[in-house]
Amino acid sequence: MSEKKEKYFLNWEESANSCPAEVGGKGLNLGRLHRYGFSVPGGGVLTSPAYRDFLQFNNLTGSINAACDIRAELVNDPVNEKNLEEIRRNINEGQVPVTVRQELAKQLEGTKLLEKPVAVRSSATAEDSATASFAGVHESFLNIMGIENIVKAIKGCYASLWTPRAVAYRRKMGLTDDEVAAAVVIMELVPAVASGVAFSCDPLTGRCDRIAISANFGLGESVVSGAIDPDEYLLQPMAELPEIVENKIGSKKKYTRLVQSGGTELVSAGSQENSDKRPVLNDNQIIEMGSLTLRVFEALGKGVVNQDIEWAFDGKKFHVLQARPVTNLREPTPPELEGQPVIWSNANIKDAAPMVLTALSWSFFRGSLDMMMNASLLAAGYRMPEGTSWVRLYKGRGYFNLSALQWGLYDALGYLPAEINASLGGHQPEIRVPPGNPFGGLAGIKRVWRRMHLIINVLRTQYSSKKIFKDMWETVELWKKQDFHAMNDQELISHFSETNPKILEYCSTYMVLGLSTGVSLYFLVQALEKDFPGRGAALANGLLAGASEITSAEHGYRLMELGKTVQMDKVALRYFTAEPFRPSAWKDEIPGGSQFRREFEEFLKDYGHRGVYEIDLLNPRWGEDPRYLLEIIRAQVMSPANIDHRAVQEAKRKTAEKEIAGKLKWGLRRLTVSRLIKQARDNAGTREMGKSVLVKPFEVSRMFFQELGRRLVERGVLDEQADVYHCAWHELSAILAGYSDGSGLKVLVEERKKMREELSLLEPPDVIIDDAPQPKAGAPEAHGQVLAGIGVAAGRASGRARLIRHPGENTRLQAGDVLVAPSTDPGWTPLFLRANALVMEVGGSLSHGAIVAREYGIPAVVNVPGVMKALKDGEQLTVDGDEGKVYRKQE
């Protein structure tokens, strides 16, 4: 059996299917970009096996192996310089094996590249990686024509691996010579009228909320080499399209042009009139280039790893000549955190979004998440360094910058990291802060002032909250009446441009309201602790039972009432008890005059904008697809044992009130506590209403993207309408703006869908330090099999543990069970009505589960690490929400 013949030259599609060890980072990335529909000049890669065969054919392996002993600090030693020079000379004088040369000539002739000027560029096998860029280390040759000159340039690329700077760089990066074999990219030379580099971040400041573009006339060598002062453009990426925030026109005294006989030259720009005043790109071209940069960031960097791009503009179209990860980026951070690792946590993100997020949801919401994380500090009149990264993705899931949050709240308001962690829930590390009282000295006076400033802003926001909610709700209702189907592409972008600022503004308001809830609860607990040591939290939880208008609790009660209505509506009862049950047929089976249907449609009018894990736009809203609700109602009808918690709530609340009244007679202390109780109750209701209003615009966003998905399927850009949720926003906006035709997007979508499935199987870490995931905290067990957490809803109750990982498993939960969940969002609320108690793996006193459990009056313990693994489904538990303990029955 004959051996498979080695293929030395791979076209772009073949390169995309290869690996860095064969085609190098540059060749692999260009192949992938070509596959994803980017404009990459025609060409391919001469693989690294061709380099190794060249060395062996010319008997160079011995001298090269001898160079392995050269240390970085000794590369400029005369002996070593001479040895390296000899290696380079032998390479340049060597012969390319006939088999390699013949295949190369055949492939280049087939693609007509032998008839055109080409660029011959090194693509070493460790080059352009996430850890080693090799920027400017290896040689490139431009304007090369004919097989003889191409072969000569290839040998020049091989030889450039053995310059003193290349050897020193490898040693510095800890790479062996064997790890850096030479593949070579050969691609058509773009007749560029302008060229340059672009970064999906600002490499000078480290800001990831900026796009940096450098440009000059002619070929890009003048910019890459640093030979001139180019135009510099800074853009903001979080708008409907990138927005120019700074436009600096460089002097551009020289530019690079082609030489007729081959190669290039750097010449004076004196013949170009006003080159030092004339911008290389106009505003629309700058925005288009910014959009292209973000698309590369999403495609190659997966929306996580920033990209460094070389580009060329031929007067009509932008072409990508190379793309690689940005290395050693130093992001903005407070000086006090220098030297400390960056702690990333999913403590409260996991509560609302434990899933692997779709590309659209993350790219669409990232800007608002950054704004929300910073909102409370801004409301206190405090600013973190501009460009602080507040959120990130890790293996598809969201995390926030706990280090920045802990420092900001300490430096601005005097809150210690331990206090922040207690409110967030989860088991978090703490940053180092200066020892001593944070309210001492001048810094302490400033913190007290900021607290007062924050309280004033919070009170102002609370006072206006009802009007804010009403205005936002009515605005979204107007948006819903728009006919997206009738809009052209530009009108769709204009709609986004008009609506997005209002949504972002509301996001900040919501976070300030959320802070007020935590502050009021904190002060209530502290006040009660003075008179009831060790009982403050338990009493506060009891006082809040059933005392607020919690919108997410209310929709649970409404569903319970709908179950009762079914029992009185014969047509509805027949539908809900039929086998098999067909939730999607409810409109056909239940007539419009039915009492149940009237009430259910009223429910959808009030709560149809909600959904299960509603933070991800992929998930339909209840108004679009109410099957989940209908299954919840059917479970009630088939087993009508839901618990009406209102009587229990009232009893718990009155017991707590009686205990307080018994000790605190009328006086200043009683009045103070009464005021704090009212504030805590009001703020809890306001926060949950605020969350309901926060997700109200998502209903219109779904309509917007559904139309865009339909449109792209019609154009052949996507296969299915729902594939739009696996596209990043800037990929879609580029299509709407006419910057992209969407070719290659199908490939990206399929890759993302597959990756999302794979990542969904992984158990995410709760904490990441820098880029290292930390082991999960185990469930702490004490004598008698006791699991400890945080008690967030008062009382004590027992029942069988029912481990529910997704609200879609709701039929497994029977009345009287203890609901054990990883986290909860409003989509879980109907399950609370059937539970005797709640246990959650994550969460704090302000998590959704805590607020609704307090409202319903069911005992709840949250922040029990590893509880989903520690417990067995069906085992008997007793949940003590006062002590924050979960007791397992001894077998």
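**Aromatic pairs and some local features**

The structure holds 28 aromatic pairs. A pair here means rings of Phe, Tyr or Trp (its six-membered ring) with centres within 6.5 Å; planes under 30 degrees apart count as stacked, over 60 as edge-to-face and the rest as tilted. Phe600 and Phe603 are a stacked pair, because their ring centres are 6.4 Å apart and their planes are at 5°.

Before going on, the basis. This is a predicted model, in which local features need pLDDT of at least 70, side-chain atom pairs count only at pLDDT 80 or more, and totals for chains, interfaces and linings use all residues. Residues are numbered from 1 along each chain as its sequence is written, and side-chain values use heavy atoms, with hydrogens and water left out.

Back to the pair. Phe600 and Phe603 are three residues apart in helix α21 (residues 595-607), so about one helical turn separates them. Helices (H or I, at least four residues) and strands (E, at least two) are DSSP runs, numbered from the N terminus. Phe600 is buried, at 0% relative accessible area, and Phe603 is buried, also at 0%. Buried means under 20%, exposed over 50%, and partly exposed in between (1.4 Å probe, protein chains only).

Elsewhere, ring pairs link a cluster that includes Phe364, Phe484 and Trp729.

Now the backbone. Glu579 and Pro580 are joined by a cis peptide bond with omega of about -5°; Pro580 sits in the loop between α19 (570-577) and α20 (586-589).

Lys302, not a glycine, has a positive phi of about 55°. Lys302 is in the loop between α10 (283-300) and β12 (307-313) and is partly exposed at 42%.
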